[in-house]
Amino acid sequence: MTIQRIDVGPRMSQAVIHGNTVYLAGVVAKSTAGKSVTEQTQEVLSIIDGLLEKAGTDKSKLLTTTIYLTDMKTFADMNAVWDKWVSAGNTPARATVQAGLAAAPYNVEIMVVAAR
């Protein structure tokens with residue numbers, strides 16, 4: 001079985017395709033870093049849409065999601081954005097945890113695994 005990598009960098013690839021499964025690296029905000037969890041979640045989900053499209057799939061095929069928040073007090077704000085974005089009837093298995101992220105301006109990081 002072949003492995004395809006998307007947006008390869010020196011340390012990691014943004015997405016890896018193995019067989020019919022797409023694995024996305026943790027995605028954080030770029031232009032909205034330092035802003036609210038609502039704004040960051042909107043940007044992160046937009047980035048995820050783009051990566052899934054490059055991999056030949058979409059959010060309706062999500063299998064699992066892990067969401068990292070720096071503060072669980074923002075859980076409802078993140079969920080408000082998530083609930084509008086996620087494909088109705090195709091919701092993935094999901095875990096949400098509080099964690100310290102790689103840099104201070106990040107409030108949310110999301111990882112997904114999807115089928116193709």
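Contact means heavy atoms within 4.5 Å. Helices (H or I, at least four residues) and strands (E, at least two) are DSSP runs, numbered from the N terminus. The model is predicted: local features need pLDDT of at least 70, side-chain atom pairs count only at pLDDT 80 or more, and totals for chains, interfaces and linings use all residues. Residues are numbered from 1 along each chain as its sequence is written, and side-chain values use heavy atoms, with hydrogens and water left out.

**View 1. Helix α1 and its cover.** Helix α1 has 18 residues. From first C-alpha to last, α1 reaches 25 Å, close to the 26 Å expected at 1.5 Å a residue. That expected span is 1.5 Å times one less than the number of residues. Buried means under 20% relative accessible area, exposed over 50%, and partly exposed in between (1.4 Å probe, protein chains only). Which residues of α1 are buried? They are Val37, Gln40, Thr41, Glu43, Val44, Leu45, Ile47, Ile48, Leu51 and Leu52. Their cover includes β1 (3–8), β2 (13–18), β3 (21–24), β4 (62–69), α2 and β6 (108–115). Just after α1, glycine 56 takes a positive phi of about 85°.

**View 2. Two helices side by side.** Here α1 (residues 37–54) packs with α2 (residues 75–85) at an angle of about 30°. Their axes lie 8 Å apart. Axes are lines fitted to C-alpha atoms, for helices over the stretch in contact, and angles run from 0 to 180 degrees between N-to-C directions. The α1 side of the contact holds Val37, Thr38, Thr41, Gln42, Leu45, Ile48 and Asp49. From α2 come Asp77, Met78, Val81, Trp82 and Trp85. By class, this contact has seven nonpolar, three polar and two charged residues. Ala, Val, Leu, Ile, Met, Phe, Trp, Tyr, Cys and Pro count as nonpolar, Asp, Glu, Lys and Arg as charged, and the others, Gly among them, as polar.

**View 3. The open sheet.** Six strands form an open sheet in the order β1-β2-β3-β6-β4-β5, with mixed pairing. Two strands pair if DSSP finds at least two bridges between them. β1 and β5 stand at the edges with a single partner strand each, so one side of each has no neighbour in the sheet. The twist averages 10° from one strand to the next.

View 4. Strands of a sheet pair through backbone hydrogen bonds, either parallel or antiparallel. β4 and β6 are antiparallel over seven bridges. Leucine 62 has alanine 114 in β6 as its bridge partner. β4 and β5 (residues 93–98) run parallel over six bridges. There, threonine 65 stands opposite arginine 94 in β5. β3 and β6 are antiparallel over three bridges. α1 packs on the sheet and touches β1, β2, β3, β4 and β6. α2 also packs on the sheet, touching β4, β5 and β6.

**View 5. Aspartate 7 in strand β1.** Aspartate 7 sits in strand β1. Its phi is near 50°, a positive value in a residue other than glycine. Most residues other than glycine have a negative phi. Is aspartate 7 buried or partly exposed? Aspartate 7 is partly exposed, with a relative accessible area of 39%.

**View 6. Threonine 32 in its loop.** Threonine 32 lies in the loop between β3 and α1. Threonine 32 counts as buried because its relative accessibility is 12%. Leaving aside neighbours within four places in sequence, threonine 32 is in contact with Glu39, Gln40 and Glu43.
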